[in-house]
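Biologist: Please place the model before us, so that its folding elements can be discussed in turn.

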Amino acid sequence: MIGKILKKFDDRFLKSEPRTGDLFAVAALFDTPDQIIHAAEKVSSSGYKKFDVLTPYPVHGMDDAMALKQSKIGWVALLAGMSGTSLAFLMIWWMVGVNYPNIFGGKPFFNLPASIPIMFELTVLISALTLVGSLIAIFMKLPNNANPIMDTEFVKRVTSDKFGIYIEAADAKFKLEEVRAMFEELGSFSVSNIHEAVYDLGDTKNPLLSNKFVGAIVVTSLVTVGITYFVLNVLLFLPPFDWMHYQPRVDPQTESKFFKDGFGMRRPVEGTVARGFMPYEFKGMPDSMVVATPNPLPVTQKVLDLGKKRFDTYCSPCHGYYGKGDSRLRGQFPVPPSLHSVKVTNWKDANIYHVITNGQNTMPSYASSISRDDRWAIIHYLRVLQRSQNALDSDLVGK
Ligand code: HEC
């Protein structure tokens, strides 16, 4: 039953066209492994070079019988494998040791034992891909992707229950009659000539441009795109695949019934002190209580650049890029006074630091969003702004 169906399929799709091209090779079939070993020995010792043996399973001693040299593909595997190992090593070392150091369980940033599985994986991956790629490209001499021996009665037999050998017509020693006679003498029950296939390309010269081929590519890509779109944008949002969307969770800025105060986002527990961090000692105190500590940062181009960056990000929305109080919030927040007032100009750096850290009336504290050093850098930059916006004639060079 199944055999019949397969036969129908064969007849419909796999029927080989009659071969009309040049002679490619002479092929011979044998019944037993001993015969094929003997045939291989005879062919290699007679000086033929372009021949191959095909058997349904590996036959021991065949490499010697064919006088095969060791394949160079092992070297490709070695090189590719070694580059996989070192690539993985460099990648992990750079990622977790240099670019994004993160503490996991108190271990060193770059940790060799933990990296070995990945080094192993990349070794295998890169050598396997390189092997297949170079096999096709170099050893099989791309763009050759088929051998005329394929799709012949000969190959059907050697992939099933017979042992076959063929000698290519391109071999320097090849003489049709001699080769046929030798195979028959060796006891082959079937010697056949194999011709190159000549394909009917129809009107198109280039099979890549045939309407059928281009159409198949277009249809395949449209179908793939359609299925991908459907799965990722529709199916995953339908039950039962949508369970991930309905996890119990709290989104930022939303309320939560879990806590008494109804806030989803939590503040640190009162009095919490972060590791390695001293709380601001004048928190909540009036400006007059602040002890004037000097700005710890030097005035350098780097510090001023940083200060400008942070000022433009955090302060300019309300104070304006020049600190003149030209708020960009269009009246949605109280407009602050100019930072060029006599008061702020005469203030010590510590007083400005106090306002940024502690907040002042409607201006909130920026202690949690701007680091301490960045705050001091902003103050240096603010001094530059004050100077530049209130420059005197005598400040000009040459006066
Ligand atoms: C959300 C808007 C807003 C932002 C952002 C903001 N401020 Fe203010 N700032 C104000 C307001 C409003 C006042 C006036 C508060 C008051 O009424 O005392 C003020 C006051 C000040 C004062 C005191 C001025 C005075 O004359 O008393 C200083 C100094 C100051 N801000 C510096 C900064 C710096 C530096 C930044 C950036 C880190 C910043 N502000 C970010 C709104 C803001």
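Biologist: In which loop is Ala 67 found?

Modeller: This is a predicted model, in which local features need pLDDT of at least 70, side-chain atom pairs count only at pLDDT 80 or more, and totals for chains, interfaces and linings use all residues. Residues are numbered from 1 along each chain as its sequence is written. Helices (H or I, at least four residues) and strands (E, at least two) are DSSP runs, numbered from the N terminus. On that basis, Ala 67 is found in the loop between α3 (62–66) and α4 (73–99).

Biologist: Is Ala 67 buried or exposed?

Modeller: With C-beta atoms placed from the backbone, a residue is buried if 20 or more other C-beta atoms lie within 10 Å of its own, exposed if 12 or fewer, and partly exposed in between. Ala 67, which has a positive phi of about 55° although it is not a glycine, has 12 other C-beta atoms within 10 Å and is therefore exposed.

Biologist: What is the order of the strands in the open sheet of four strands?

Modeller: Two strands pair if DSSP finds at least two bridges between them. The edge strands, each pairing on one side only, are β2 (51–54) and β4 (190–195). Strand β1 (residues 23–30) is joined to β4 by six bridges, and the two run antiparallel. The pairing in the sheet is antiparallel, and the order is β2-β3-β1-β4.

Biologist: Is helix α9 (residues 301–319) roughly parallel or roughly perpendicular to helix α12 (residues 372–389)?

Modeller: Axes are lines fitted to C-alpha atoms, for helices over the stretch in contact, and angles run from 0 to 180 degrees between N-to-C directions. The axes of α9 and α12 come within 7 Å and cross at roughly 95°.

Biologist: Against which helices do the buried residues of α12 pack?

Modeller: The buried residues of α12 include Trp 376, Ile 379 and Leu 385. Two residues are in contact if their C-beta atoms, placed from the backbone, lie within 7 Å. The buried residues of α12 pack against α9 and α11 (349–358).

Biologist: Which peptide bond is cis?

Modeller: The bond in question has omega near 0°. Its residue Pro 240 lies in the loop between α8 (211–234) and α9. The cis bond runs from Pro 239 to Pro 240.
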